[in-house]
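Let's walk through this model from its overall dimensions down to individual strand pairs. Have the 3D view open as you read.

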Amino acid sequence: MNKDEHYQIFLQEVQARKQNLADRLRDFLKPTQAFKTLEIGSGHGDFLVQYATTYPERFCLGIDLITQRIEKSNKKARRANVAQCFFLKARAEEFLESQPAEFLWDEIFVLYPDPWPKKRHHKNRLFQVEFLDRLALRVSLGAKIHFETDAKDYFDEVCGRMEVHPRWRKLEGRIYAIDTVFSRITGQQGHHAVFECCEACPADPISS
Ligand SMILES: C[S@@+](CC[C@H](N)C(=O)[O-])C[C@H]1O[C@@H](n2cnc3c(N)ncnc32)[C@H](O)[C@@H]1O
């Protein structure tokens with residue numbers, strides 16, 4: 001098999017995964033649900049379970065790539081008795097493409113995303129321009145994104161991109177106390193920003 005054939009198979013697998021996710025999300029994500037909160041890269045689930053305990057009426061979903069972390073997080077949520085808090089294994093980029101177009105998040109947390117510190121790896125960071133455009137199509141007017149990292153250059157990169165984005169503006173201060181496994185590992189307060197969606201979502205060009 002040559003390189004091109006391998007790539008075609010890879011694309012087919014991605015497409016099949018997105019279709020499978022879209023089928024599952026259609027029943028799971030209902031636009032009528034109350035205030036909707038998404039955590040991307042939820043890790044061990046500590047932050048979202050705590051948040052859901054404080055706001056039990058909110059619908060909370062954490063997504064992460066690592067199966068073990070998802071299983072552990074779901075157990076934590078059940079133990080804490082938070083009925084509206086769920087964790088799902090999914091890649092953020094594919095998740096945002098696969099969720100129902102009419103379902104809009106009110107709040108999104110991205111806490112200590114992988115920093116990819118080497119310059120040649122920066123292209124692997126989650127907050128690429130395309131990702132921000134996609135996020136902007138998946139939130140309600142006034143929705144907030146909470147971003148925290150210990151990597152100052154990543155923080156500046158994201159703030160710079162958000163500041164020129166037509167649908168986001170930066171707010172002052174932090175709204176929630178952030179306590180995650182990685183915030184504890186770094187041992188110091190991370191760089192934190194809150195961005196608010198300041199324009200209504202246009203017609204969605206990416207939904208199927
Ligand atoms: C450094 S850890 C931080 C976890 C947690 N937010 C915390 O602060 O403890 C980054 C997490 O993001 C997840 N992750 C990385 N890329 C992702 C992606 N594209 N979609 C979803 N999760 C992702 C990783 O599996 C990992 O659990």
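The radius of gyration here is taken over C-alpha atoms, and the globule rule is 2.2 Å times the number of residues to the power 0.38. With 208 residues, a compact globule would come out near 17 Å, and the protein chain has 17 Å, which agrees. Along the principal axes, the C-alpha atoms fill a box of roughly 50 × 40 × 35 Å.

Two housekeeping notes. This is a predicted model, in which local features need pLDDT of at least 70, side-chain atom pairs count only at pLDDT 80 or more, and totals for chains, interfaces and linings use all residues. Residues are numbered from 1 along each chain as its sequence is written.

**Fold and packing**

The protein chain has 7 helices and 7 strands; helices (H or I, at least four residues) and strands (E, at least two) are DSSP runs, numbered from the N terminus. Reading from the N terminus, the elements run α-β-α-β-α-β-α-β-α-β-α-β-α-β.

How much of the protein chain counts as buried? The share is 28% of the 208 residues, where buried takes 20 or more other C-beta atoms within 10 Å of a residue's own, exposed 12 or fewer, and partly exposed anything in between, with C-beta atoms placed from the backbone. Contacts are called when two such C-beta atoms, placed from the backbone, lie within 7 Å. Among contacts between residues at least 6 apart in sequence, 77% join residues at least 24 apart.

**The sheet**

The 7 strands form an open sheet in the order β3-β2-β1-β4-β5-β7-β6, with mixed pairing. β3 (85-89) and β6 (168-171) sit at the edges with a single partner strand each, so one side of each has no neighbour in the sheet. From one strand to the next, the twist averages 20°; axes are lines fitted to C-alpha atoms, for helices over the stretch in contact, and angles run from 0 to 180 degrees between N-to-C directions.

Strands pair if DSSP finds at least two bridges between them.

| Strand pair | Bridges | Facing residues |
|---|---|---|
| β2 and β3 | 5 bridges | L61 and F86 |
| β1 and β2 | 5 bridges | T37 and C60 |
| β1 and β4 | 4 bridges | I40 and V110 |
| β4 and β5 (139-149) | 6 bridges | E107 and K144 |

β1 (residues 36-40) is mostly covered, with 5 of its 5 residues buried. In a regular strand the side chains alternate between the two faces of the sheet. In β1, K36, L38 and I40 are on one side and T37 and E39 on the other, all of them buried. β4 (residues 105-111) has 6 of its 7 residues buried, so the rest of the structure largely encloses it. Over on the β2 and β3 side, helix α3 (residues 67-79) lies across both strands and runs at about 170° to β3.

**Around the ligand**

Which residues come closest to the ligand? They are G41, G43, Y112, T180 and F182, out of 22 that surround it; a residue is near if its C-beta atom, placed from the backbone, lies within 6 Å. β2 (59-64), α4 (92-98) and α7 (181-186) each supply at least two shell residues, and α7 gives the largest share, 3 residues. By class, the shell has 11 nonpolar, 6 polar and 5 charged residues. Ala, Val, Leu, Ile, Met, Phe, Trp, Tyr, Cys and Pro count as nonpolar, Asp, Glu, Lys and Arg as charged, and the others, Gly among them, as polar.
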